[in-house]
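Reader: Could you take me through one part of this model in close detail? I would enjoy a connected account of a single spot and its surroundings.

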Amino acid sequence: MFTDGYDVIVVGGGHAGAEAAAAAANMGSRTLLVTMNLQTIGQMSCNPAMGGIAKGQIVREIDALGGYSGIITDRSAIQFKMLNKSKGPAMWSPRAQNDRMRFAEEWRLALEGTPNCDFYQDMVKSLLVGNGRVIGVRTSLGLDIKAKAVVLTNGTFLNGLIHIGEKQLGGGRAGEKASTGITEQLVDFGFDSGRMKTGTPPRVDGRSLNYEVMIPQPGDERPEKFSYLQTPVLSNQRDCHMTHTTKLVHDLLREGFDRSPMFNGRIKSIGPRYCPSIEDKIHRFADKDSHQIFVEPEGWNTVEVYVNGFSTSLPEDVQYKALKSVKGFENVKFFRPGYAIEYDYFPPTQLKHTLETKLVENLYFAGQINGTTGYEEAASQGLMAGINAHLKINEEEPFILQRDEAYIGVLIDDLITKGTEEPYRMFTSRAEYRTLLRQDNADLRLTPKGYAIGLAKEERLKRMEEKQRKSDAFVNFFRETSVRPEEINPILADLDSSLVKQSDKMFKVFSRPKVTIDHMLQLETVSGFVEDNELGRDVLEQAEIQVKYSGYIEKEKNNADKLQRLEGIKIPENFDYSKLKSLSFEAREKLNAIQPVTIAQASRVSGVNPSDISVLLVYLGR
Amino acid sequence: MLSTEPIIALATPSGTGAIAVIRISGKGVIAVVAHFFRSVRGKRLSQQKSHTVHLGHIVDGARIVDEVLVSLFKGPHSYTGEDVVEISCHGSPYIQQQIIQLFLRNGCRSADAGEFTLRAFLNGKLDLSQAEAVADLIASDNEASHQIAMQQMRGGFSDEIKRLREELLNFASLIELELDFSEEDVVFADREQFKSLLTKIQNVLKRLIDSFSVGNVIKNGIPVAIVGEPNVGKSTLLNALLNEDRALVSEIAGTTRDTIEDEISIGGIGFRFIDTAGIRDTEDVVEGMGIRRTFEKIEKAQVVVYLIDATGFKENGASLKIEIEKIRNKYPQTHLVVVANKMDALSSEETNHLREQLPNALLLAAKKGTGVEDLQEKLLEFVNTGALRNNETIVTNARHYDALLKAVEEVEKVQSGLAEGVSGDLLAIDIRQALYHFGEITGEISSDDLLGNIFANFCIGK
């Protein structure tokens, strides 16, 4: 059936697999997506939402490069919020609630509409490897499919084990089989593997809830969207709701602790500290009598509801009893209980910056198999793995994003340099230069790069160039145009900002903390300029950020340039650190294992301290 | 490759002394030395313990080169962290060279400048600022600068910065927490507490920055300009202070055409005395140039000694007083001490008149040396040695000073950001920069040119 073989085989159809397949296929590789169930491509296994702080920026980056996640999110969104609008622009983070079923459907349709992308439903049992290089996959039906490169995106499916109370079920997701064989084979090849844990809350029937007693959480009045392309903007939105746990709820949950796999030792692996189960929250923060619970609709029409904040692996009877005591949940009907899942991952320090494994050539890992958590983290790795698999087999230069270029760059560099002990989630604080890595400028940062490698289409580049041209012109307009006191002072007076005595450049007035673009638009000259040049909302926002935060942006650019000097000092390949007795023992071990490419990367390896870096610098003759 | 090959150098100053110390460091140096050492007690050097001293002879074949004391330091418990042997030999340059040549012929090589300290650093025996302190310690030529260098080498300075860095880091993480978890009910970082932390940090930084002027002059000597009309005895006073005939002295007014410097230690503090041509208006081109230089020197000085001729005060006292005021007004930051020389030639009536007119003046007779001690005491008063006596941290390194200035600048930006209610992500930019500058001092951030600078400052043998 598969006599010809493929350029790239992607194993898995989640966020990572779908992006990987789309990227490789769009760049021209004949691509096959193999997954255990073609009905669950693009499945949101956990909460029905995309984006959030730092994650929303990643979705924008994926979109800017020519990935699909932003477009899919826009097409299936039921609510949109720009988080952190009260903070500086680096913190503005888009988030959408999605219709779970439509999200998956949109992914399936998008992939079906992608030339070069084929599908096959089967479980990949092992890899075909020859001379240290992957040459295909073998399925559970015994089929061998040849390929030049393979991307593994197995998510939570590798030897997945679901825990609900004292019950354990083999499975990769509720109601789905686990995948076996791959871990064992890779360990035989010499890979390190480990176990991680994550969890999900119960899904309940929305008709059984009393929303009257909950606090509505509406979307933004003027919703934006993710994609820089022309995608739909929401005209209707669905509300989420907020309620709280009480002391009684906590007491009821505690009664089940002795049957909790978290506490009775059945689950040994590490879950994410920042996304704890409700029993973990109660256990660790015993003095807190109440925790927030967000009630999120699963779609436009479905009555299914996601109980965010109530992730749990307690026995289902305990879950039910406790949730019934939450305000608004008195008559709750369960669709399914929450559960915890343990799965295999491969410490990502075994990868190169391209996400290719160091041990087996042309084999790429992306998503939870690398110890990350989150749809956005997974999708961005899938995208980069798909891109690099295509580039590698075409003998082109690898595509690597630097830490000052994209959150995706920070993510991958962190993973392969530091590894991770718990499921890795992106935070803005992980980025040294977050003021540069904003959601508003991902297109300006990355679309030219995406275009250069043949992924982003020309339309995307043109839109980005127009946005850049128009916002530059608008910023220049503020620099060059003066405003008279009688024009601006009424606006300043309203804002309690000190009045100006003489005409001054608009840029200066606009730079004041309280003055926003909407205030400036009250000036006829400004609104006239906007109309004449047909400036869109994105251009206004871009210009506003460039005027109001120019000092901070410049400063971070300078700091990033300083870092570039250490990034520029290359360490020879296969460097033997064990010869350098002056390095600490830990540093020698870690550096030998990770083989950083530059001094800057070496400095980020955990266990490597500054004096080790000084030693390296001296040694390398600096 | 990080070299462990044996290196050798003279550790004491070159030239003739009672004894000289030759240091050898590297892999297998004890065996190398043992081969050319005959113990008087017949001991086998390679079987001796670390930190022991052995009397014997250095022999080259049958020839005895010198009777020496050999000290053994086995790595890692040595200065460089490697095996180190120190040979105390007799101080003649001939013997020193004979011994060094012997080892150069037998597997050692001449150490590069700073190579011993470089190895100590590479082997984790010293951190960056300690390594820098070693350079200062070697260069210190008075008690005070020695004390500071010792303190820094023991880690006092970077420890203090490390503590501040830690506290700031803790707060920075609180700020980061509220940024990344703003959607969850996290406790926000207490802005008032943060403000008081910043004030504390600012105070410590400012104290350290202020200490630089003390530290720097202690390290380099306090510049003192001796100014006055020609032929008032400037050079004589300098000679009295220096106790040697360094400046050119003659009876002709304006003989001192150029500025001459010398440094002497008074009460453990180094003073750099700068003799200047006077500041009298002149037609003489050469002398005119001298006057211009005088003003340049005053500008750089911390103390100006304005010297007048007591015998001429009666006739030109009024114009002198104007001159003194001129300097006082032109350089208000500079300590000014008026000294009336040649007091021994005054009648008591004239003395009283002078005291009346210049109540703060110091009266002395440089030629006889009377009153010179009073001047020395007065000079010491100008130096804030309090910090030194209290064993406080003093900054002497220009690179540290620079980093501290930048750090305090960033801290002040954070403070004004807090006052304006700027968002945490923007505050974080300045906080991260402040942390970066702290790291420059503690070495927690490596910058490539940093090390080059530091190790270039070492002389051979250390």
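Author: With a relative accessible area of 9%, A:Gly13 is buried, a word that stands for under 20% relative accessible area, with exposed meaning over 50% and partly exposed in between (1.4 Å probe, protein chains only). This is a predicted model, in which local features need pLDDT of at least 70 and side-chain atom pairs count only at pLDDT 80 or more, while totals for chains, interfaces and linings use all residues. Residues are numbered from 1 along each chain as its sequence is written, chains are lettered from A and ligands numbered from 1 in the order in which they are written, and side-chain values use heavy atoms, leaving out hydrogens and water.

A:Gly13 sits in the loop that links strand 1 (6-11) to helix 1 (15-27) of chain A; helices (H or I, at least four residues) and strands (E, at least two) are DSSP runs, numbered from the N terminus. Leaving aside neighbours within four places in sequence, A:Gly13 has contacts (heavy atoms within 4.5 Å) that include A:Leu33, A:Thr40, A:Gly42 and A:Thr153.

Now step into the helix. A:Gly17 belongs to helix 1 of chain A and is buried, with a relative accessible area of 0%. With neighbours within four places in sequence again left aside, A:Gly17 touches A:Val10, A:Gly12, A:Leu33 and A:Thr153.

The UniProt record, an unreviewed entry, has a "binding site" annotation that covers, among others, A:Gly13 and A:Gly17. Positions from UniProt are given in the numbering used here, with feature names shortened, and annotations may be inferred rather than shown by experiment.
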